[in-house]
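Visitor: I should like to go through this model with you, question by question. May we begin once it is in view?

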Amino acid sequence: MTLKQGLSLSLAATVIALVSACGKQEPPPLPKAEAPKPAEQIVTVKIGHVAPLTGGIAHLGKDNENGARLAIEEANARGVTLGGTKVKFDIVPEDDQADPKVGTTVAQKLVDAKVAGVVGHLNSGTSIPASSIYSQAGIPMISGSATNPKFTEQGFKGVFRVVGRDDQQGPAVANYLASQSKPKVVAVLDDATAYGEGLANEVEKTLKAAGIKVLPREKGTDKTIDWKAVLTKIKGKKPDAIFYGGMDATGGPLLKQGRELGIKAVFSFGDGACTDKMSELAGQAADGLICSQAGIPVQAASKRFLDGYKAKFNIDPILYAPFTYDAANLLIAAMVKANSAEPAKYLPELTKIGFEGASGRIEFDEKGDRKDAEMTIFTMKGGKITPIAIIKSGKTMSVEDYMKMAGAAPAPAAPVAATEAPKAPEKK
Amino acid sequence: MDIFLQQLINGLTAGSVYAVVALGYTMVYGIIQLINFAHGEVVMIGAMVAFSVIMALAGAQPGLPPVVIVLAGVAAAVPVCMAVGYLLERLAYRPLRHAPRLAPLITAIGMSIVLQHLALLIWSRDPIAFPQIIPLQVFEIGGAAITGVQIAIMLVSVVMMAGLSAMIYRTRLGAAMRATAENPHVASLMGVDIDRVIAVTFLIGAALAAVAGVMVGTYYGIAHYTMGATLGLKAFSAAVLGGIGNMAGAMLGGLLLGVVEALGAGYVGELTDLCHASFLSDALVERCARDGHLILFGSNYQDVFAFLVLILVLVFRPSGLLGERVADRA
């Protein structure tokens, strides 16, 4: 343990003692000899952040961390007082390598370090196992990007997310497909993973409800790159649209081979294949695909956030940064409301919070899911995925209309999504 | 009918690649009775090296015709793979040539893991996309589509197989290889340099693997550090199907396996649709009226066919379709 960590740990211990004392409206006890006596008492509140900072989606992990960091530094700059004591928020960044095993290890590490709350994790696969550890320790966690429904379905207290769920995403993309492309026959494929199959099931259900004929499900695996046999079979049934629940590494070859076989149908995908990688893998064939992502496109986030992020990190946010920014701000706002950084005190405030964030208004339902979460539909244009519609409260609107409604200024000339490949986190 | 023809074309393309990779397995087995389980990884390295070169060239010299860029990729991949093949033989197999047969098998698996992780370190765990330099050309044959890349793959495979056969049966080196395969001890007494023949066998196998790697990568447009495992296993199945140790068998086995796989994936769903037999029970009738289908085995069983075929062949004809000797326990 480094000196710095040791110091912050002892400070944190002091904080907890102080804060809990303050919550009871008692005069703060004098700190022991370990802490010097500054003129004004400043205590440190630690907020953990977990995302993969190494490996294939490290850039997304860093993006998430930057979002949380921005929120925390802004809070420090404007100065927050809890229970009559000035506090300084400290971010504790951890790397879970997108690995569920590492995810639980760092979760335990953060619990041991006595963080007041956690922003993260990035992946559903790491967030789900980690949530039980935080929940047992009574530490609230807010993920800005875990979309698997199971995350908030475990009955844990203090588990929240500020993005939509996969079971909202399936209906969203299916409805868009049904209303815009007006297909008569749709082929639905998946990669036989929990994510892919779950999403494909939701899409199939929605399409059938809209009176569209759905062909018998075809399946590959999460490693299938030879789709020719399956596609040839599908081609014989002449579908107007094809939906694939899976990742870009398998979806790209699927799309490419479909066009090679002369299939003219509209190809549509979930967030796993809603990335610029699709055009790398499928080339020209990728243009015109339809895909969905949970949440709003990054360029539709509030201008204040976008400007602040750019000024601070000198790059544009990539994907989920507005959500981790909001997640960190939510933790801080709840602490301010409860006038305490103690999880047990501010958690009730968090569950009933109403907050205007960079990604719009945030309220949680009883499970910890964001009420009325948005979904965004993208299309591929010239090798870049471009948002074309935002779905909120069952209503489909164009991105411009959404931004007008949200009161945000129009996006800058160069949209953020165009600068770097947005890539959905791997679903495991 | 056009669907059937399309599946046949799909199968023959994949089968050509299997055949070329299977040749590498069968040649090595024919000579030293070793299953070189690292052969699939050599294919993967071929694809990776070629992709790196093709990407660099396509970025630096966008004006070059695609064929030239791909050939440059092949030209880079072949020597690298040959070096890997030679090192494999020199480091992992030669010291164990007289050891119990299980030992080189274990080192083969070990080398396969080493090569895979080496590739992971060099090329990362992200799938690499093949640069989109080849314009999509689709030709129509009887209602079925065939792309320029597919035609090229089949042609190159045929040329390579023909060239290899000519080398084995028409040259002195080929004669030495056949002699070594028949009886290494006697061959060495007759003045054949066994070590050299075995090394050359590995070099040729690796060169074929390099070309196969480029073919499979170009065809699917993607390369990944784990791509060698499944491909290697399927090619190995193809070699056993045709009779391991037998060159013509490997080619036949590869093509057959590709076709069986494509037809299997294409038709298994319809063949195992229980609704064709809905007279069996009322519950089935009801279910079929609602969903229209009740499919027992879907197209995700595509990969299973290769191994189903392998098991069936081993049960009913252990020496393979064209095998002369009874295959040893591999």
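Visitor: Which residue takes a positive phi just after α9(B)?
Guide: In this predicted model, helix α9 of chain B covers residues 227-242. Just after α9(B), the backbone takes a positive phi of about 110 degrees, and the residue concerned is B:G243.

Visitor: What span should α9(B) have at 1.5 Å a residue?
Guide: The expected span is 1.5 Å times one less than the number of residues, and α9(B) has 16 residues.

Visitor: How many residues of α9(B) are buried?
Guide: A residue is buried if 20 or more other C-beta atoms lie within 10 Å of its own. By that criterion α9(B) is mostly covered, and of its 16 residues the number buried is 13.

Visitor: What is the reach of α1(B) from its first C-alpha to its last?
Guide: Helix α1(B) has 31 residues. At 1.5 Å a residue the expected value is 45 Å, and the helix comes close to it, with a reach of 45 Å.

Visitor: Which element gives the most to the side of chain B that touches chain A?
Guide: The contact takes 28 residues from chain B and 29 residues from chain A. On the chain B side, the elements that give two or more residues are α1 (2-32), β3 (144-147) and α10 (247-271). The most, five residues, comes from α1(B).

Visitor: How many charged residues does the side of chain B that touches chain A have?
Guide: By class, that side of chain B has 12 nonpolar and 14 polar residues. The number of charged residues there is two.

Visitor: Why are α6(B) and α8(B) described as roughly perpendicular?
Guide: Helix α6 (residues 172-182) and helix α8 (residues 194-220) of chain B pack with their axes 10 Å apart and at an angle of about 105 degrees. Angles of 65 to 115 degrees count as roughly perpendicular. The two helices, α6(B) and α8(B), are therefore roughly perpendicular to each other.

Visitor: Which residues of α8(B) make the contact with α6(B)?
Guide: From α6(B) the contact draws on B:L173, B:A176, B:M177 and B:T180. By class, the contact has six nonpolar, two polar and no charged residues. The residues from α8(B) are B:I194, B:V197, B:V200 and B:T201.

Visitor: Which residues have the most contacts inside the largest nonpolar core?
Guide: The largest nonpolar core has 225 residues. Not counting residues up to four places away in sequence, B:V211 touches B:V20, B:V74, B:V78, B:V156 and B:M160. Those with the most contacts inside the core are B:C81 and B:V211.

Visitor: Is B:D273 buried or partly exposed?
Guide: B:D273 lies in the loop between α10 and α11 (282-291) of chain B. A residue needs 20 or more other C-beta atoms within 10 Å to be buried. B:D273 has 18, so B:D273 is partly exposed.

Visitor: Is A:A98 buried or exposed?
Guide: A:A98 lies in the loop between β3 (85-95) and α3 (100-112) of chain A. Its phi is near 60 degrees, a positive value in a residue other than glycine. With 25 other C-beta atoms within 10 Å, A:A98 is buried.

Visitor: How many other C-beta atoms lie within 10 Å of A:K238?
Guide: A:K238 is found in the loop between α7 (228-237) and β10 (241-245) of chain A. Phi of A:K238 is near 50 degrees, a positive value in a residue other than glycine. A:K238 is partly exposed, and the number of other C-beta atoms within 10 Å is 13.

Visitor: Where does A:H121 lie?
Guide: The peptide bond from A:G120 to A:H121 is cis, with omega near 0 degrees. A:H121 belongs to chain A, in the loop between β4 (117-120) and α4 (124-137).

Terms used:
Residues are numbered from 1 along each chain as its sequence is written. Chains are lettered from A and ligands numbered from 1 in the order in which they are written. This is a predicted model: local features need pLDDT of at least 70, side-chain atom pairs count only at pLDDT 80 or more; totals for chains, interfaces and linings use all residues. Two residues are in contact if their C-beta atoms, placed from the backbone, lie within 7 Å. Helices (H or I, at least four residues) and strands (E, at least two) are DSSP runs, numbered from the N terminus. Ala, Val, Leu, Ile, Met, Phe, Trp, Tyr, Cys and Pro count as nonpolar, Asp, Glu, Lys and Arg as charged, and the others, Gly among them, as polar. A nonpolar core is a set of buried Ala, Val, Leu, Ile, Met, Phe, Trp, Tyr and Cys residues joined through C-beta atoms within 7 Å. A residue is buried if 20 or more other C-beta atoms lie within 10 Å of its own, exposed if 12 or fewer, and partly exposed in between; C-beta atoms are placed from the backbone. Axes are lines fitted to C-alpha atoms, for helices over the stretch in contact, and angles run from 0 to 180 degrees between N-to-C directions. Angles under 35 degrees count as roughly parallel, over 145 as roughly antiparallel, 65 to 115 as roughly perpendicular and the rest as oblique.
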